[in-house]
Amino acid sequence: MSVLLPIYPLQSLASSKRWFPIRTGSKPACLAMTRVETSGGDQEEKVVIVGAGIGGLTTAVSLHRLGIRSVVLEQAESLRTGGTSLTLFKNGWRVLDAISVGPQLRTQFLEIEGMVVKKEDGRELRSFKFKDEDQSQEVRAVERRVLLETLASQLPPQTIRFSSKLESIQSNANGDTLLQLRDGTRLLAKIVIGCDGTRSKVATWMGFSEPKYVGHCAFRGLGFFPNGQPFQNKVNYIYGRGLRAGYVPVSATKVYWFICFNRPSLGPKITDPAILKKQAKELVSTWPEDLQNLIDLTPDETISRTPLVDRWLWPGIAPPASKGRVVLVGDAWHPMTPNLGQGACCALEDSVVLANKLASAINGGTESIEEAMESYGSERWSRAFPLTVRANLVGALLQWENPLVCSIRNNIVIPKLLRLGPMLEHTNFECEPLFVSK
């Protein structure tokens, strides 16, 4: 189903002085040239991005489209392409179009027409069509592996440095940041962008607290039907008491599924696929057979069980998104639960907003780099904080175990009161295509 996209060789840069022009379209962008290493031994880079996940690679591609070279540090030996899929709404697709990868991805993934909500016995409570609520809406479940490989393929050779685990961060008097890697490499960066996920070392250095466990975990998997999957192009949700599940077609042969369940404490970490499948099936043993079959048809490498976490950026309490010339993007700054399907979309939005502001400052705009980062933080906080809170509250409501509350939800709220239109207003986001101005 998926076309494996070519990845450039991404070895570490040589230690001698070299210059690497970046190309946007067919024209070289001289703005992007930067020295790799000083004679003193510390490598100098204008922009260093920590983390080659969705936020890190999208930020790198966005900067590249604007003529700004960056180096991406990834602690793993290769792209972390494990896992399942993520659902992108129209705001995510606006960003992917702005950085010119949307058309390439659309050809590989089904457009989802609507959603169906069911009880655990399979009876339908409500159904919606996305276009009936919003003609501009676009929903597709995208394989994480394909998205990362597509983004990486847009970057110049040697942009991503693998096996580059960040050990420590120091700032010096002139505002530069010294990054010490586990292998002994030292990079002196003018700008550092932390995209290193929920356990971000950059966020810890900036004074952020650990993300908070919200009281429920999720099994996830990607079912594979070699002869073609049998489902309509709809998101299917199934609600029980303190337990919910869902599945959505990704392509002609693949279907993403999840099961969310309450758990007061995290318990031991389990990675054995056989145990994970057994536990997942036991949770929904009396639920529709479609879900049981999906779990059975899930390749071992795609199944996981993860705790759901978030971080509320209370004004006046949480640190700002930037500190000097160090700034955060995506889960490193505002991890949120997946109940609105906005974690990845928000990271994509962060990337293009930050890239535009930094490019303007670097290329002689009215704001300094520090001011551009502060402007980004202010603009994006007003977007990310409400979404984080709303996602948390939606999850808490859907995970209720009280039978009376569940009865009201199933018999009154969902069939008679629920409106999809207002629930999708947060997917409104516009951005212009990114390119080097002449």
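Two strands count as paired if DSSP finds at least two bridges between them. The strands themselves (E, at least two residues) and the helices (H or I, at least four) are DSSP runs, numbered from the N terminus. This is a predicted model, where local features need pLDDT of at least 70 and side-chain atom pairs count only at pLDDT 80 or more, while totals for chains, interfaces and linings use all residues. Residues are numbered from 1 along each chain as its sequence is written, and side-chain values use heavy atoms, with hydrogens and water left out.

**Stop 1: a hairpin**

Click on Val-117: which residue is its bridge partner in S7? That's Arg-126. Together S6 and S7 make a hairpin with 4 residues between them. In the turn, pick out Gly-122, whose phi is positive, about 95 degrees.

**Stop 2: the sheet around it**

Now bring in the neighbours. S7 and S6 belong to an open sheet of 7 strands with mixed pairing, in the order S7-S6-S14-S15-S16-S13-S17. Its edge strands are S7 (124-129) and S17 (304-310), and each of these pairs on one side only. From one strand to the next, the twist averages 20 degrees (axes are lines fitted to C-alpha atoms, for helices over the stretch in contact, and angles run from 0 to 180 degrees between N-to-C directions).

Staying in the sheet, select 243-249 for S15 and 254-262 for S16. These strands run antiparallel, joined by 7 bridges. Find Val-248 and look across to S16, where Tyr-256 stands opposite. While you have side chains on display, keep this in mind: in a regular strand they alternate between the two faces of the sheet.

**Stop 3: salt bridges**

A salt bridge here is a side-chain nitrogen of Lys or Arg within 4 Å of a carboxyl oxygen of Asp or Glu. How many salt bridges does a search of the whole structure find? The count is 25. For the next picks you'll also want the burial words: buried means under 20% relative accessible area, exposed means over 50%, and partly exposed is in between (1.4 Å probe, protein chains only).

Start with Arg-140 and Glu-111, whose side chains meet in a salt bridge at 3.6 Å, N to O. Arg-140 is in strand S8 (residues 140-143), and Glu-111 is in the loop between helix H3 (102-106) and S6, 29 residues apart. Arg-140 counts as buried because its relative accessibility is 10%, while Glu-111, at 29%, counts as partly exposed.

Next, select Arg-325 and Asp-176, a salt bridge with its closest N and O atoms 2.5 Å apart. Arg-325 sits in the loop between strands S18 (322-323) and S19 (326-328), and Asp-176 in the loop between strands S10 (166-171) and S11 (177-181), so the pair ties together parts that are 149 residues apart in sequence. Are these two buried or exposed? Arg-325 is buried, with a relative accessible area of 11%, and Asp-176 is buried too, at 5%.

Then go to Glu-349 and Arg-380, where the closest N and O atoms of the salt bridge are 2.9 Å apart. This pair links helix H9 (residues 343-362), which holds Glu-349, to helix H10 (residues 369-398), which holds Arg-380, 31 residues apart. Glu-349 is buried, with a relative accessible area of 0%, and Arg-380 is buried at 2%.

**Stop 4**

Most residues other than glycine have a negative phi. Select Ser-100, in the loop between helix H2 (90-98) and H3. Its phi is positive, near 70 degrees, and Ser-100 is partly exposed at 46% relative accessible area. Now jump to Gln-158, in the loop between helix H5 (144-153) and strand S9 (160-161). Gln-158 also has a positive phi, about 70 degrees, but Gln-158 counts as buried at 18% relative accessibility.

**Last stop: helix H11**

Finish by selecting residues 403-417, helix H11, and find Leu-404 there. At 58% relative accessibility, Leu-404 counts as exposed.
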